[in-house]
Structures are given as C-alpha cells and as structure tokens.
Amino acid sequence: MRLRFFVSAIACLFSSLGAAAQQKPYVSPVPATSPMTMKPEMTEIWNPEVKTITPGKKDSEAPSDAIVLFNGKNLDQWVSQRDKNKTAPWKIINNDYMEVVPGSGGIETKLSFGDCQLHIEWSAPDTVEAGGQNRGNSGVFFQNRYELQILDSYNNRTYRNGQAGSIYKDHAPLVNAMRAPLEWNTYDVIYTAPRFKANGELDAPARITVLHNGVLVQNNATINGLTLYIGLHNYPSAHGEDVISLQDHGCKTQFRNIWIRKL
Ligand code: MG
C-alpha cells in the first residue's frame, strides 16, 4: 500500500514537471513598433487646417459662421405657419425681442435644417397669469416635428416630461435650471437629425444635447419620435431637412438672440 502511494506521488510529480515544460515562454505584449521608437511628429495631423471662425464677443452673440435667425430688428427669416406666404405675425418690441401674439399661430424659419447647433434666448411672459402647462408655454420644434419644451417652470409644477428643458412627453430634463419670470433663459442645443434607410425605415433616431442657462439638461438624449400630445412617440415617415418652428401656445412668451450653425 505504502509502495503504491509512493509510485503514484512520483508519477504526479513528473506529470506536473512535464506540463510546465510544455508551457510557452512568456512574451511581453510590446508591439513590433514600440511607441518608444516613434517620433512626436508621427502622431501630429496638420492637414486639412481647421477652419478659423470668429466667435461672438459674448456667448449670446452669433459666431461668424452662424445664420442669424433673429437679432431684434426684423422677422425676415420667419414666416407664419398658417400662411407661409405671410411674414411672421408676432410682435417685435424695443428692437430687442419678439413676443408671441396669442392666437396668431406658430412661426417657422424660411430655411430648412438638419444637424445643427442652435442658440435661443427666451423669457416667460411678463405677467404670471396661469399655472401648469398654460404658464409661458411655447416650444422649439426641430425639423418641425420634435419639441424642446419652453415653459415657465419657475415654481410651477407640471408633469416632469413636460416642463422647461424637456423633450415634450419624451424626456424630462436632468434638472430644473429655470430663471425667474422677467429674467432671460438660454437654450444651447446640439441636435442630430434622425437617419432613414433608403426604404424609409428608421436607421438611427434623432439625438439632442441641451444646456439650459449653461446647465446640462439633456445629455445626448435619444428622441423617440414625432412629438405628440396624445399617444406614444414614433417615426411615422422618413424626412429630410426641415424648418425650425416656434409654438404659439396662447402665452406671451418672448424670444431674442436666435442663431444657428449647420453641422
Ligand atoms: Mg410647448
């Protein structure tokens, strides 16, 4: 019995020594061309040279490559949504800002856009006359379909996916960064249009990043489809570039300093 154990132990020892001998020697994972042998200029890209533009003197001012959609002077870049042959029916006040004329209908840009960077400033009506969704309601519709909500959400509770900074009935904002009435709010938006396949099916949904008064409220959020008041959002049909529209929701919401960069 003792002899059998001894033989078995010796066999085991030789077996493990054999396995060790079969293991491949360790090879350091250093690539054939080690970074140590590279020169700094080998990872420098010079051409094409990055285009130079002139930024605004303040963040509210359009950079040199932007299209100014509204600077307080006129509504030349906008038309009435009810009659696209007519100029936008909203009021310009003090050569500074425009104000919704309740009941006159929304307005939309003459130009169409897809991927873009948009800067827009807005203010709730001067007088707080209502609550919930009827307090300073308006909205920016990208490609005339997808609404970034505008609402006076200062001490004004409503459904979270319908307050200022929300993608209406789609995504609530990350925080409520609203300023008080009579103060101006800013939206700085990076918008990526949806992509469609040749057969019209959705290939990639729209995406949106929004800074509200410099605070991130939508972080590359997926837009789940056409904004609807009732029903689940989806993409009913393929489309290309389209206008940006501003909503008349019956409130005297104000706008100024609107500019856009095509991306
Ligand atoms: Mg709205």
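Start by selecting Tyr-97, which is buried, with a relative accessible area of 12%. Keep in mind that the model on screen is predicted. Colour the chain by pLDDT: the protein chain has a mean of 90, and 88% of its residues reach 70 or more. Where pLDDT is low, the predicted coordinates should not be read in detail.

**Aromatic pairs**

Show the side chains of Phe, Tyr and Trp. How many aromatic pairs does the structure hold? There are seven. Trp-90 counts as buried because its relative accessibility is 5%, and Phe-255 counts as buried at 0%.

Then select Tyr-146, Phe-196 and Tyr-235, which ring pairs link into a cluster.

**The nonpolar core**

Which residues touch the most other members of the largest nonpolar core? Select Trp-78, Met-98, Phe-142, Tyr-191, Leu-246, Phe-255 and Ile-258; the core has 39 residues. Now highlight the strands that each supply at least two residues of this core, among them strand 1 (67-70), strand 7 (138-142), strand 9 (185-192) and strand 15 (254-262). Strand 6 gives the most, with four residues.

Centre the view on Trp-78 and show what it touches, leaving aside residues up to four places away in sequence. The residues in contact with Trp-78 include Leu-69, Phe-70, Met-98, Ile-107, Leu-246 and Ile-258, as well as Thr-87, Glu-108 and Lys-110.

**The magnesium ion**

Select the magnesium ion. Its protein donors are Asn-137 (OD1), Ser-138 (O), Glu-147 (OE), Gln-149 (OE1) and Gln-247 (OE1), at 2.2 to 2.3 Å. Along the chain, the donors follow the spacing N-S-x8-E-x1-Q-x97-Q. Pick out Ser-138 in strand 7 and Gln-247 in the loop between strand 14 (245-246) and strand 15: this pair links parts of the chain 109 residues apart. Are these two residues, Ser-138 and Gln-247, buried or exposed? Both are buried.

**Backbone details**

Most residues other than glycine have a negative phi, and most peptide bonds are trans.

- Asn-47 to Pro-48: the peptide bond is cis, with omega near -5°. Pro-48 lies in the loop between helix 1 (2-22) and strand 1.
- Asn-95: this residue is not a glycine, yet its phi is positive, about 50°. Look for Asn-95 in the loop between strand 3 and strand 4.
- Asn-155: phi is again positive, near 50°, in a residue other than glycine. Asn-155 belongs to the loop between strand 8 and strand 9, and at 71% relative accessibility it counts as exposed.

Notes. Residues numbered from 1 in each chain as written. Predicted model: local features only at pLDDT ≥ 70, side-chain atom pairs only at ≥ 80, totals over all residues. Heavy atoms only, no water. Core = buried A, V, L, I, M, F, W, Y, C linked by side-chain atoms within 4.5 Å. Buried < 20%, exposed > 50% of the residue type's maximum accessible area, 1.4 Å probe, protein only. Contact = heavy atoms within 4.5 Å. Donors = N, O, S within 2.8 Å, 3.2 Å for Na, K, Ca; no water. Phe/Tyr/Trp six-rings, centres within 6.5 Å; stacked < 30°, edge-to-face > 60°. pLDDT = per-residue confidence, 0-100.
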